[in-house]
Amino acid sequence: VTDFQFDPETYMDLMAEEVPGYPRLQAAVGQATTGERPVRRILDLGTGTGVTATTVLERHPEAALVGVDDSEAMLSHARQVLPGDVDLRVGRLEDPLPTGPFDLVVSALAVHHLDGPGKADLFRRVAAVLGPQGRFVLGDLVVPDDPADVVTEVDGEFDTPSSAADQVRWMADAGLAARLAWADKDLAVMVGDLPP
Ligand SMILES: C[S@@+](CC[C@H](N)C(=O)[O-])C[C@H]1O[C@@H](n2cnc3c(N)ncnc32)[C@H](O)[C@@H]1O
């Protein structure tokens, strides 16, 4: 088990260095949250310094957002950049999620810290907190089909990505209508909609 912790002061430099597609991934996550479905309440898993939450709230400015992250240091930075009524909670993705229903559950670059069974378990719990017409948007580092597409080196301990295909399947196993919405080498955005 690693004791690595993100440092909010150096976080964006780390992303620029290790995840060059970071801005495109955030944009693709934001794009995937749009559609006909009403978005009034959002859950952001692995909020960090608030970049994903900011991107998503730009698309849904009237929505209320609950953010969860296991790092109080990262959340204290997010509190400085997000609106005051955003509800940020210290918590682990492995633990029970905040009470739903949510119209949208979103997560960027956090779920790859869980192993395969941990991801599948999280997806079942996400499906359970989605409200009618709810959507799960997951943007993350993935294991690409072609090893030549690896951009971000992973240690296999703190970073344990899975393939996009496996994650779409685990979303489907959780009862969601799942698809790959965007991909660029070892980054992907997967979407799971709660069926009517
Ligand atoms: C790479 S940052 C992503 C933050 C933000 N979503 C973004 O895209 O910039 C990953 C965040 O997930 C959090 N995290 C990692 N594993 C976690 C876990 N098991 N439970 C809760 N938070 C976790 C870290 O503390 C960190 O803030």
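I began with the secondary structure of this predicted model, and I find 6 helices and 7 strands in the chain, which follow one another from the N terminus as α-α-β-α-β-α-β-β-α-β-α-β-β. I then looked up the radius of gyration, which is 15 Å against the 16 Å that the globule rule gives for 196 residues, so I note the chain as being as compact as a globular protein of that length. For the extents I have about 40 × 35 × 30 Å for the C-alpha trace along its principal axes.

I then went to the pockets. For the largest pocket I have a volume of about 990 Å³ and a lining of 46 residues, with Phe6, Asp70, Ala110, His113 and Phe158 nearest its centre. I record that at least two lining residues come from each of H1 (11-18), H2 (22-32), H3 (51-59), S2 (64-69) and H5 (116-129), and that the lining divides into 19 nonpolar, 14 polar and 13 charged residues.

For the second largest pocket I have a volume of about 160 Å³ and 14 lining residues, of which Val142, Pro144, Asp145, Ala164 and Lys185 lie nearest its centre. Helix H6 (164-173) and strand S6 (177-184) are the elements that give two or more residues to this lining, and S6 gives the most, with 3 residues. By class, I list 8 nonpolar, 1 polar and 5 charged residues in the lining of the second largest pocket.

Terms used:
Residues numbered from 1 in each chain as written. Predicted model: local features only at pLDDT ≥ 70, side-chain atom pairs only at ≥ 80, totals over all residues. Heavy atoms only, no water. 1 Å grid on protein atoms, 1.4 Å probe; cavity = no way out; pocket = protein on both sides within 12 Å on 5 of 7 lines; lining within 4 Å. Points joined across faces, edges and corners; volume = space filled by probe spheres on them. Helix = DSSP H or I, 4+ residues; strand = E, 2+ residues; numbered from the N terminus. Nonpolar A, V, L, I, M, F, W, Y, C, P; charged D, E, K, R; others polar. Rg over C-alpha atoms; globule rule 2.2 N^0.38 Å.
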